[in-house]
Amino acid sequence: MELFQRTATELQKMLACSQVTSEQIVQAFINRIEAEDSQMRAYLTITAKEALGAAQASDLRRKQGQPLSKWDGVPIAVKDNMSTKNVRTTCGSKMLEEYIPPYDATVIGRIKNAGMPILGKTNMDEFAMGSSTENSAFAKTHNPVNLQKVPGGSSGGSAAAVAGFEAPWSLGSDTGGSIRQPASFCGVVGLKPTYGLVSRYGLVAYASSLDQIGPIGHRVQDVAALLQLIAGHDYKDSTSVTVSVPDYQASLVADVSGLRIGIAKEFFSEGLNNQVKSAVMRAVQNLSQAGAEVVDVSLPLTDYAIETYYLIATAEASANLARYDGVRYGLRVAGDDSVAMFKHTRAEGFGTEVKRRIMLGTYALSAGYYDAYYKKAQQVRTLIRREFEQAFTQVDVIITPTTPTTAFGFGEKKDPLEMYLSDIYTVTPNLAGVPGLSMPCGVDSNNLPIGVQMIATHFSEPVLLRTAFALEQIQRKGEFNE
Amino acid sequence: MINKNEVKRVANLARLRLSEEETTQYQQDLNQILQAADKLKLVDTEGIEPTAHAIPLRNVLRLDMTSESLGIDQVLKNGPEITKGYFRVPRIMEE
């Protein structure tokens, strides 16, 4: 087995018993990226030199018996909307093509403090707005499972980098499914943590009340470990919560006896592909045979989630993206006066989808429409949140498909509404602020990965990880028996 | 239905210069999306508090302490036009 095919946890163990050096690991990934990425385009910026330097420093620390953490020397890839000091951070936009942050995002500081070399910055839909990574201003990322298909989005580069063995694990961000949907399309594990568990400081804002950074990896234990590294309060993000972070490794117990699994019929209605449906139901059956109790729950407001999400997300985006005015950083296009300069800069710097969402959000917030659209959506959000809270008095985890279909082809979703519908099962956890995890649960007749989504109540990541770990163990046993 | 003038009004609020083609396109898109959003009218939200944040947080305070901040050169480094330690912008007042 090649080094680049190893999971992050395997690499950590190999480093710990001196079977390999961090430099050898990083070199293996750089070689892999050089060989594959011209086709796959998972990365926007490859930081080979910095990563090798960090690896050498890590090897020296290990030699002296002073590693910074257990994960010292294990490399990672990072979505290009997280600020990296002195490394270009484009957010997939022409607006920030030349932007070099003078500081690190809190999550970047944390992985650096753990001694992890950063391999590069991954491709994404511009400003994280999209579900296929086709909206990147720079490149189209191809799904490593089938290069004719999209990797999903907006963290398409981060999911593809892991699935295509160009990084052992990665960080993505998720506003309405942007970690879980690409994880599902590429056949890897992705987790959107509870809102407030991970600091957003230094994350380029899209919709601040919904955005959350989270881990992507090959296996559930990798995702648990990476979450451990990034979770916790940060005074620089006033929406980060002061809760004590549990030991997530301790939840990796393959025991679901007594666990109550909720199935909501609203997540299995029309529009859901039959092969996806049966793979997800098989996963539920596996867990039920292992001792979990399956309970019907009702989440009727799921039918209104997409509309609620797109009104709230675009309203917040229109306010957040007002900062791109060509004054302090980013692109500037000249104009006769300041207002003309703003308008020209924004016309040229933003792509079609970003402008569409700014327009929609500005409209929803404008005088005369605020109550009918924005406030109404916020009220429905309250009801969606309550509906989840009610469901979680009956069950520990709700299981749904991650996406209605497997990965689609390039240019297949021409209509914006049609593209928005690919987030139909993933937006509700963001609206309710609860955590959601996607993991592989089979393939369709074209060998494309199918993802199952698990949702739990606020700060119940341990329940999600335990359920996912148990399912993964069952799946692996099946694999080995075949 | 949103008409073209309304699209132009919103574009001006958002400080976006749109081409004629874009104006037509966004008029069509906005109408389609807002028509779908009208579905929310079916939900009874009488007397329901709006949710701005899913986690209830109020008055987040921190200690009033000074700490190191970025140097002026770092702050100005990404500016498109810099003069004498300032960001330079087009004239905003008449002479």
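## Charges, contacts and a surface patch

Arg346(A) lies in helix α10, residues 338-349 of chain A. Keep in mind that this is a predicted model, and the numbers here are computed from it.

So what is Arg346(A) up to? This arginine is buried, yet it has no salt bridge. The nearest side chain of opposite charge belongs to Asp325(A), and that one is 7.4 Å away, while a salt bridge needs the nitrogen and the carboxyl oxygen within 4 Å. What does turn up is a backbone group from the other chain: a polar atom of the Arg346(A) side chain lies 3.0 Å from the backbone oxygen of Ala14(B). Leaving out residues up to four places away in sequence, Arg346(A) touches Met95(A), Leu321(A), Ala322(A), Tyr324(A), Lys355(A) and Ile358(A) in chain A, plus Ala14(B), Arg15(B) and Leu16(B) in chain B.

### The salt bridges

Over all chains, the structure holds 20 salt bridges. Here are three of them, with their N to O distances.

| Pair | N to O distance |
|---|---|
| Arg61(A) and Asp72(A) | 2.8 Å |
| Asp396(A) and Arg260(A) | 3.2 Å |
| Glu353(A) and Arg356(A) | 2.3 Å |

Take the pair of Arg61(A) and Asp72(A), joined by a salt bridge at 2.8 Å. Arg61(A) sits in helix α3 (residues 48-63) and Asp72(A) in the loop between α3 and β2 (76-79), so the bridge ties together parts of chain A that are eleven residues apart in sequence. Asp72(A) is buried, and its relative accessible area is 0%.

How far apart in sequence are the parts that Asp396(A) and Arg260(A) tie together? The answer is 136 residues, because Asp396(A) lies in the loop between α12 (370-394) and β9 (397-401) of chain A, whereas Arg260(A) belongs to strand β7 (residues 260-264). Asp396(A) is partly exposed, with a relative accessible area of 25%, and Arg260(A) is partly exposed too, at 28%.

### A buried glutamine

Back in chain A, Gln12(A) is found in helix α1 (residues 8-16). Is Gln12(A) buried or exposed? With a relative accessible area of 7%, it is buried, since the cut-off for that is under 20%. Not counting residues up to four places away in sequence, Gln12(A) touches Lys70(A), Trp71(A) and Val74(A).

### Out on the surface of chain B

Val89(B), Ile92(B) and Met93(B) form a nonpolar patch on the surface, and together they have about 330 Å² of accessible area. Met93(B) comes from the segment after β2 (86-87) of chain B and is exposed, with a relative accessible area of 62%.

Strand β2 of chain B itself holds Tyr86(B), which is exposed at a relative accessible area of 60%. Setting aside neighbours within four places in sequence, Tyr86(B) is in contact with Leu76(B) and Glu81(B). The C-alpha atoms of Tyr86(B) and Leu76(B) are separated by 7.6 Å, and these residues are ten apart along the chain.

Methods
Residues are numbered from 1 along each chain as its sequence is written. Chains are lettered from A and ligands numbered from 1 in the order in which they are written. This is a predicted model: local features need pLDDT of at least 70, side-chain atom pairs count only at pLDDT 80 or more; totals for chains, interfaces and linings use all residues. Side-chain values use heavy atoms; hydrogens and water are left out. Helices (H or I, at least four residues) and strands (E, at least two) are DSSP runs, numbered from the N terminus. Buried means under 20% relative accessible area, exposed over 50%, partly exposed in between (1.4 Å probe, protein chains only). Lys and Arg count as positive and Asp and Glu as negative; His and the chain ends are not counted. A polar contact is a pair of N or O atoms within 3.5 Å; within protein, one must be able to donate a hydrogen and the other to accept it, and residues adjacent in sequence count only if both atoms are side-chain atoms. Contact means heavy atoms within 4.5 Å. Patches are made of residues with over 30% relative accessible area and no salt bridge: like charges are joined within 9 Å, nonpolar side chains (Val, Leu, Ile, Met, Phe, Trp, Tyr) within 5 Å. Accessible areas come from the Shrake-Rupley method with a 1.4 Å probe; for residues, only the protein chains shown count as cover.
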